[in-house]
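Below are some notes for a reader who has not seen this structure before. Please read them with the model open.

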Protein chains: 2
Amino acid sequence: MQIYRLVQMNQLSTKEKIIAKSLAMFNEYGVENITTRHIAKELGISQGNLHYHYPNKNEILSTLFHNFIHQIKSAERFNGTEFNTIEMYESMLENFRIMDNYRLFFQQNEVIWRRIPEIKNGMVQLFLSKKNEILDLIHIYKSEGKFRQDISASQIDFLAEQFIFTIQSWLMAKNYHPQGHSAEHYAKFLFRSWLPYLNNETMKKWEEIL
Amino acid sequence: MQIYRLVQMNQLSTKEKIIAKSLAMFNEYGVENITTRHIAKELGISQGNLHYHYPNKNEILSTLFHNFIHQIKSAERFNGTEFNTIEMYESMLENFRIMDNYRLFFQQNEVIWRRIPEIKNGMVQLFLSKKNEILDLIHIYKSEGKFRQDISASQIDFLAEQFIFTIQSWLMAKNYHPQGHSAEHYAKFLFRSWLPYLNNETMKKWEEIL
DNA sequence: GTCTATACAGCGATAGAC
DNA sequence: GTCTATCGCTGTATAGAC
């Protein structure tokens with residue numbers, strides 16, 4: 001389990017402060033509405049100073065994306081061979097919390113991808129590797145006999161696609177439920193999509209966790 | 001089945017041309033990047049003329065949203081009592097094609113909602129009514145014994161949530177597959193999510209359509 | 001590292017002539 | 001209905017002093 005250090009804003013360097021404040025403001029008010037003037041003003045520094053650290057707005061966005069990918073990679077738990085139900089759920093939840101922190105990359109992806117096409121490539125890449133992870137996992141569960149026998153192979157492939165679909169889209173769907181739905185809600189949601197594919201015994205066991 | 005008339009651009013009034021061109025350009029280049037200047041230039045009219053018809057950019061967006069809602073409402077087919085499998089699939093597909101035409105409201109919703117909060121309310125409202133529709137449909141299928149008996153009631157409710165989730169999010173997920181995936185693909189995708197909840201006989205029948 | 005000052009382009013929107 | 005011209009504002013980015 002990774003430990004996140006809680007750091008006070010005034011302990012950060014100016015460069016780090018810019019990143020932290022940018023993330024918060026982009027998430028809340030939108031990348032297209034937040035200018036380098038806004039960020040500088042909010043931090044009580046000059047715009048010139050901000051541009052000394054980051055020559056332009058895209059450089060800030062690229063740094064944020066780099067940080068996001070780094071955190072996601074650091075949170076990988078599945079070693080390719082074994083993954084019990086609880087571990088799987090907790091790993092999913094951890095990933096969802098990181099995604100929530102960097103939700104601009106999911107809720108504002110069109111805006112960001114148009115500004116920086118490389119970020120789109122990075123996202124596509126990320127989900128390709130996630131899809132392989134999930135296919136491995138399905139393969140393990142299959143060989144352990146946890147799936148129903150009357151489900152066709154193509155339908156099991158569909159399950160993998162649906163899994164990735166949900167991970168990519170939950171922060172978008174969350175927008176339609178302003179208050180109600182947290183990362184926990186969608187982690188359980190993702191989990192639930194597996195249930196009807198499992199055999200009766202496994203399904204009962206999984207349902208307990210929810 | 002609704003008939004869409006194919007109309008040449010030069011048969012439209014200036015006011016209609018503005019709407020058609022705006023839709024195309026917003027979809028392709030993003031609402032935040034397309035200005036009234038761009039639209040006017042592309043149409044070969046002056047910016048002043050454009051502002052005569054639509055006093056500001058938001059007025060164009062509101063009109064587009066109004067048109068979208070009108071088309072969706074006109075395409076409603078489910079009468080609340082009967083809906084066979086083929087009808088259901090074709091109705092889904094028709095809805096998906098309309099959504100694809102107006103994809104800005106799904107792929108750029110954060111940008112648009114921040115500009116015009118009423119559009120968010122309209123979207124939330126739309127999906128609330130769609131959710132009720134789907135719950136009615138599930139109720140019918142349930143009473144006809146088409147669902148598996150060993151699936152819990154809460155899991156059936158989950159199916160309804162997942163259904164709405166997919167409708168809201170497929171155009172977002174589509175972004176990750178630039179070439180491959182069409183409205184047809186996601187209509188089938190949506191359809192497939194029902195399969196493991198159905199009893200064996202019904203599942204086989206549904207699977208034929210895919 | 002941090003500041004002030006400024007250049008320059010592009011935005012939304014309006015006025016007024018035809 | 002359509003045009004040209006223009007205002008005021010805000011955006012990114014840079015130069016140069018401390």
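1. In this predicted model, 48 residues of chain B are in contact with 48 residues of chain A. The area buried between the two chains is about 4,100 Å², and carbon and sulfur atoms give 56% of that area. On the chain B side, Phe165(B), Tyr176(B) and Phe189(B) lose the most area to chain A, together 19% of what that side buries.

2. Two salt bridges are counted between chain B and chain A. A salt bridge of 3.7 Å, N to O, joins the side chains of Glu32(A) and Arg114(B). H9(B) provides the largest share of the side of chain B that touches chain A, twelve residues. That side divides into 21 nonpolar, 17 polar and ten charged residues.

3. Helix H10 of chain B, residues 183-192, is mostly covered, with seven of its ten residues buried. Among them are Tyr186(B), Phe189(B) and Arg192(B). The buried residues of H10(B) pack against helix H9 of chain A, and also against helices H5, H9 and H11 of chain B.

4. Tyr197(B) touches residues of both chains, including Arg192(A), Pro196(A), Phe147(B) and Gln155(B). The side chains of Tyr197(B) and Gln155(B) make a polar contact of 3.0 Å. These two residues are 42 residues apart along the chain, and their C-alpha atoms are separated by 9.0 Å.

Methods: Residues numbered from 1 in each chain as written. Chains lettered and ligands numbered in written order. Predicted model: local features only at pLDDT ≥ 70, side-chain atom pairs only at ≥ 80, totals over all residues. Heavy atoms only, no water. Buried < 20%, exposed > 50% of the residue type's maximum accessible area, 1.4 Å probe, protein only. Helix = DSSP H or I, 4+ residues; strand = E, 2+ residues; numbered from the N terminus. Contact = heavy atoms within 4.5 Å. Polar contact = N/O pair within 3.5 Å; in protein donor to acceptor, adjacent residues only side chain to side chain. Buried area = accessible area lost by both parts, 1.4 Å probe. Salt bridge = Lys/Arg side-chain N within 4 Å of Asp/Glu carboxyl O. Nonpolar A, V, L, I, M, F, W, Y, C, P; charged D, E, K, R; others polar. Lists of a residue's contacts leave out its neighbours within four places in sequence.
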